[in-house]
Amino acid sequence: YRVDTALSVPQLSRDVWRLRIHGMVDREITYSFDDLAQFEAVEKAITLTCVSNPVGGNLISNGMWTGYRLTDLLHAAGVHPDADMLLSTSVDGFTVGTPVETLADGRDAMLAVGLNGQPLPVEHGYPARLVVAGLYGYVSATKWVTDLELTRFDRAEAYWTRQGWAPRGPIKTESRIDVPKRGQKVPVGPTTFGGVAWAQNRGVRSVEVRIDGGPWQRARLGAAYSGQTWRLWSLPWQASGPGDHTVTVRATDNTGAVQTSDVTSTVPDGATGWHSVNFTVT
């Protein structure tokens, strides 16, 4: 998926790209693209999610990201212990505020330079962008990034925070039904429900499905590549006769927290609620 504030995609070559690290640090550092070769490259499967994704929405996708740990890049600068925000800026002036503690707490936080075995596509931030697992994109995923300032949340405010969104945006435990689609006609006989569930930085423990307000049934889960990726789920079902039906899904993450049924909008820190789909057996 793609969400931009840019009306046109910034064009920035590797040769002219620079990353400045400054602010609440012992020393200012500027990296060129060639300088990144001194750091260990890592590849991680990470699912990104937009805070404006509605329940059941499609503003979520998974990719194999290649890049460098942000902690490695920041280490030489000497981050001050009272800095709690990383204010990142895109070449076009867009800003993002990321909690400093999320950069070194064991989750995957990187300066990404590749996606799915290829250099970053221009529209996804070439030549370098931020990826911080477990945070909605508006506080973690600066594309075409050229500036990292160590600061504090009580001193600086990023673009979307100024528009009324929460300053911190941890991703919530959610799930989605992809099969059947809303209003789909399903033939009598065996069928399979399916979709995805996610709880980045915690991982998905289980998914349950309910048909027409009946008991919750445990779905089968696909592979768990890491706590940073979504999981596929499926549930076989026997459609015994014609009629209208509703299927509902909920997930439980690896902390034991069950996806809430409380319905909230995307503002200020992400939508909640169970996803339901109406379909007809014919």
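Strands β14 (residues 204–211) and β18 (residues 243–253) pair in the antiparallel sense over seven bridges. Two strands count as paired if DSSP finds at least two bridges between them; strands (E, at least two residues) and helices (H or I, at least four residues) are DSSP runs, numbered from the N terminus. Within this pairing, V204 stands opposite D253 in β18.

The structure is a predicted model, in which local features need pLDDT of at least 70 and side-chain atom pairs count only at pLDDT 80 or more, while totals for chains, interfaces and linings use all residues. Residues are numbered from 1 along each chain as its sequence is written, and side-chain values use heavy atoms, with hydrogens and water left out.

The two strands belong to an open sheet of five strands, whose order is β12-β19-β18-β14-β15 and whose pairing is mixed. At the edges stand β12 (185–186) and β15 (217–218); each has a single partner strand, so one side of each is left without a neighbour in the sheet.

Attention now turns to helix α2 (residues 159–162), in which Y159 lies. Y159 is partly exposed, with a relative accessible area of 28%; on this scale buried means under 20%, exposed over 50%, and partly exposed in between (1.4 Å probe, protein chains only). Apart from its neighbours within four places in sequence, Y159 is in contact (heavy atoms within 4.5 Å) with T5, F94 and T95. Y159 and G97 are 62 residues apart in sequence, yet their C-alpha atoms are 8.4 Å apart in space.

The charged side chains come next. Side chains of opposite charge can pair when their charged atoms come close. A salt bridge is taken here as a side-chain nitrogen of Lys or Arg within 4 Å of a carboxyl oxygen of Asp or Glu, and by this rule the count comes to 14 salt bridges.

One of them joins the side chains of R69 and E40, at 2.8 Å from N to O. This pair links distant parts of the chain, 29 residues apart: R69 is in strand β4 (residues 60–69), and E40 is in the loop between β2 (29–32) and β3 (41–49). R69 is partly exposed, its relative accessible area being 29%.

Another salt bridge connects R152 with D154, whose closest N and O atoms are 3.2 Å apart; D154 is exposed at 59% relative accessible area. In the salt bridge between D178 and R176 the closest N and O atoms are 2.7 Å apart, and R176 counts as buried at 10% relative accessibility. Finally, salt bridges that share partners join R2, D4 and K143 into one network.
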